[in-house]
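I opened this model to look up a few local features and the overall layout. My entries follow in the order in which I made them.

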Amino acid sequence: MTITDVDGVLPDPWDLLTGTDWASLEHARGSAAGTPALLAGLLADDAGTQASALRHLDDPVHHQNTIYSATVPAAAYVAAILGDPRTGTVVVDRDGRALPLRAALLDWVTSVAIEVDSEAEAHIAGVGFCLEEYPESVQIRALRPGLFQAVSAFLHAPDLAVREAAIAAAVSLLDAPELVQQRALLTPLVRDVLVCSDNRSSRFIARRGLKSWGEDTVLLPDEQGSDRWAGGCSSEPPF
């Protein structure tokens, strides 16, 4: 088995934009009717338009890490365009970092994926809610094989920012039961790349992923104070 030998086929990105009833979907500001036009801007010819589209993904489509009904087709679209050469443009993300758009999109996929993983499920169960009661979260879970298929194409990307972002996204997606067999294949990359990253979030994801997979983390850097639930998420389910 190779690391990309998974059953996950995403729709054509143009079909996602034109064939989805976006007006019936919602994000943090209400109707997502205007979202397809903005998402199309991710493949625009200028970095400013692409950066605006990226901001729309962050807010309102995934505002405060919340999964909305519009987040589902947006996630499929983002994954489907990762291989487009236009995602190689350098943009400025919400944290003020200049990086390839592809890396920023992979970071966004990571943010979406961790909101439906086992830790997220346990967290909301602890406050009296059930992740399975939220259709949009269930739909994101169902997308994980397709998202992983798209992400895995960049696990060995020559650009370090893209490579680290792809590995982090893959780690977050491998919480899916149908992808468990991929963990052993990804572990060396996590140890060789993410553990040594200059990005604290990447190191945290590496440590957390390896620990959840039953791998030894004794010799890894101790990331104190990296509680993912400490801020930046919604106070209402599905968080």
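**Entry 1**

I started with V61, which has its place in helix α3; helices here are DSSP runs of H or I with at least four residues, strands are E runs of at least two, and both are numbered from the N terminus. The model is a predicted one, in which local features need pLDDT of at least 70, side-chain atom pairs count only at pLDDT 80 or more, and totals for chains, interfaces and linings use all residues. Residues are numbered from 1 along each chain as its sequence is written, and side-chain values use heavy atoms, with hydrogens and water left out.

Is V61 buried or exposed? I found V61 buried, at a relative accessible area of 0%. The cut-offs are under 20% relative accessible area for buried, over 50% for exposed, and in between for partly exposed, with a 1.4 Å probe and protein chains only.

I then listed what V61 touches, leaving aside neighbours within four places in sequence: H27, T35, H56, T66, Y68, A70, T71, A74 and W108. Contact means heavy atoms within 4.5 Å.

**Entry 1: the rest of α3**

I checked the length of α3. Its 15 residues reach 20 Å from first C-alpha to last, close to the 21 Å expected at 1.5 Å a residue; the expected span is 1.5 Å times one less than the number of residues. Along with V61, the buried residues in α3 include Q50, A51, A53, L54, H56, L57, D58 and P60. I asked which elements the buried residues of α3 pack against. They pack against β1 (26–27), α2 (35–40), α4, β3 (90–92) and α5.

**Entry 2: two positive phi values**

I moved on to the loop between α3 and α4, where Q64 is found. Phi of Q64 is near 50 degrees, positive in a residue other than glycine. N65 is in the loop between α3 and α4 as well, and has a positive phi of about 65 degrees although it is not a glycine. I noted these because most residues other than glycine have a negative phi. Q64 is partly exposed, with a relative accessible area of 42%, whereas N65 is buried at 14%.

**Entry 3: the nonpolar core**

Which residues touch the most other members of the largest nonpolar core? I got L42, L57, L105, W108, V151, L186 and V190, out of 70 residues in that core. Helices that each supply at least two residues of this core are α1 (13–19), α3 (47–61), α4 (71–81), α5 (101–114), α7 (135–151), α8 (160–173), α9 (183–194) and α10 (200–212). A nonpolar core is a set of buried Ala, Val, Leu, Ile, Met, Phe, Trp, Tyr and Cys residues joined through side-chain atoms within 4.5 Å.

I looked up how α8 and α10 meet. Their axes come within 10 Å and cross at roughly 35 degrees; axes are lines fitted to C-alpha atoms, for helices over the stretch in contact, and angles run from 0 to 180 degrees between N-to-C directions. E164, A168, V171 and S172 in α8 meet S202, I205 and G209 in α10. These contact residues divide into three nonpolar, three polar and one charged. In this count Ala, Val, Leu, Ile, Met, Phe, Trp, Tyr, Cys and Pro are nonpolar, Asp, Glu, Lys and Arg are charged, and the others, Gly among them, are polar.

I checked α9 next. It has 12 residues, but its end C-alpha atoms are only 14 Å apart, short of the 16 Å that a straight helix would reach at 1.5 Å a residue. In α9, R183, L186, T187, L189, V190, V193 and L194 are buried, and the buried residues pack against α8 and α10.

**Entry 4: two pairs apart in sequence**

I found V9 in the segment before α1, and V9 counts as exposed at 77% relative accessibility. V9 and A76 are 67 residues apart in sequence and 9.9 Å apart in space, C-alpha to C-alpha. D159 is in the loop between α7 and α8 and is partly exposed, at 34% relative accessible area. The C-alpha atoms of D159 and P100 are separated by 8.8 Å, with the two residues 59 apart along the chain.

**Entry 5: totals**

I closed with the protein as a whole. It has 10 helices and four strands, and 52% of its 239 residues count as buried. Among contacts between residues at least 6 apart in sequence, 65% join residues at least 24 apart.
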